[in-house]
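Dear colleague,

Please find below the structure that I am handing over to you. My notes on it follow directly after.

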Amino acid sequence: MAEEAVLRYLEKNEEISDSGKFAEDRGLSHDDILNIIKSLNGFRLVDAQDIKKERWVLTDEGKKYAEAGSPEVQLFLAIPAEGIAREDLQKKLESSIFKIGSQQAIKNKWIEMGKSQVSRKVQQVEDKIKILLLQIQNGEAVSSEDIDALKRRKLITQQIWKGYSVRKGPKYAPKRKKAATDLTRENIQRGDWKELEFKEYNFSAKGQPLEGGHLHPLLKVRRQVQMIFLQMGFEEMPTNNFVESSFWNFDALFQPQQHPARDSHDTFFLKEPSTTKILPEDYVERVKEVHENGGYGSRGYGYEWKREEANKNLLRTHTTAVSSRMLYLLAQKPFAPKKYYSIDRVFRNEAVDRTHLAEFHQIEGVMCDRGLALSDLIGVLHEFFSRLGMSKLRFKPAYNPYTEPSMEIFSYHEGFKKWVEVGNSGMFRPEMLQPMGLPEDVQVIAWGLSLERPTMILYGIDNIRDLFGHKVDLGLIKRNPVCRLGLQYMDSA
Ligand code: PHE
């Protein structure tokens, strides 16, 4: 109906100068006309120009007074010629009408309001407010002082009215052909495809959002780090045991049994099963010996090593527990150089805050070969971290029970404009490697870092609880972008 009206009108007339008036004259809804014009304009059948008009409309309060009269007149009319007690007048009127009405009527000098008595000061009044409101309602012109007065009393507000003026467009036709969106088998059989007008492709239309699985940012970054290790020739270590014995997590790493990290304040110990059943006995003997008395050029710690302490089960506190198992296994075969990595979860009994959780993920790299030196470690760290996008590195001497020398790794963060700690590293001590049975000239270099840290930096997350745990916004998981770290080295995976 509306479409036909617009197109037919333009067949004989130059222009629809005002879509609002056009709709009103024909008893059509202006919204319908607007939608039709938009669509016809999109297909270039018509050429539409915006028109904007500012106009005044009545507020709800204004509408009430336009009907029932202004409060001041209502109040005036409620006062009889002989006057009325204030209380009685109040009872006759709505409280807002009484309040506003008396203010205005006093201002207009229409009434006299004494302490107890109210009386008229004039015989008659004219309801100018009501007249003005009705004029505005009918779209008649009103002086600017009157507009200001009504505006101040919040009886009218400005409304921006939008419409169009419309002329024929380049593709004008008195009737729109419905554009075909598909070429069907029937079109071809009937031959009517020759007459059909096809809808043009809209290449900028958004596709349907895909519903499907989404990868968590940690998984994306883990995948990228994994690719870096694989491209550098590293093999993945089996990390599928969150529960570990103290022996592999600490003792095998030459971490003394009194070390504070072995306290329940730092480590989660298991109640059930509380101890491990199987450990390689001859190796356990050599570990006990090196802790107590040393060997391989070491003096040891000189304390009484307890088997019960080593048997205690715990949730592994670092992935170096996995590395110690792997190195022990490696030592049981004729030696061959190896490069291993792992990325998995570890647990620490820590107070949770914006950068710490009681569980997180560690990334660990381990290289074993004859004659490796600290320079090899520094070299491989430069290679690894530059692939992660961190090419400016600095090292700071540090201490780990199982490495000597040990180095903390710092990287210059271009965004934060400062050096940030990104990992820890070192050369495994002979006290750790020799009891395993590795040849004397075999050195092992290793480093570790958290997965969460680079993920938070990459995705601009500053509270770890927004990344991991029950408070995570599922929207983050759905909408987080592709991980671009080290993209230059990536294949299409
Ligand atoms: N295990 C260390 C940590 O938890 C990291 C590390 C791994 C240090 C390997 C040196 C060698 O911080």
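Helix H1 and helix H3 cross in the right-handed sense, that is, with the near helix turned clockwise from the far one by less than a right angle. The model is a predicted one, in which local features need pLDDT of at least 70 and side-chain atom pairs count only at pLDDT 80 or more, while totals for chains, interfaces and linings use all residues. Residues are numbered from 1 along each chain as its sequence is written. Helices (H or I, at least four residues) and strands (E, at least two) are DSSP runs, numbered from the N terminus.

The axes of H1 (residues 2-12) and H3 (residues 30-42) come within 9 Å and cross at roughly 60°. Axes are lines fitted to C-alpha atoms, for helices over the stretch in contact, and angles run from 0 to 180 degrees between N-to-C directions. H1 is therefore oblique to H3, since angles under 35 degrees count as roughly parallel, over 145 as roughly antiparallel, 65 to 115 as roughly perpendicular and the rest as oblique. Ala2, Glu3 and Val6 of H1 make the contact with Asp32, Ile33, Ile36, Ile37 and Leu40 of H3; two residues are in contact if their C-beta atoms, placed from the backbone, lie within 7 Å.

The model also holds an open sheet of 7 strands with mixed pairing, in the order S7-S10-S11-S15-S14-S13-S12. Two strands pair if DSSP finds at least two bridges between them. Strand S7 (235-236) and strand S12 (393-400) are the edges, each pairing on one side only. S10 and S11 are antiparallel over 10 bridges, with Lys338 opposite Cys368 in S11. S11 also pairs antiparallel with S15, over 9 bridges, and here Glu364 stands opposite Gly448. Of the 12 residues of S11, 9 are buried (20 or more other C-beta atoms within 10 Å of the residue's own; exposed means 12 or fewer, and partly exposed in between).

Helix H11 (residues 217-231) lies across S10 and S11, at about 165° to S10. Helix H18 (residues 452-459) lies across S11, S14 and S15, at about 45° to S15.

Finally, Ile106 belongs to helix H7 (residues 95-107). Ile106 counts as partly exposed because it has 16 C-beta neighbours inside 10 Å. Leaving aside neighbours within four places in sequence, Ile106 is in contact with Ile111 and Met113.

With kind regards
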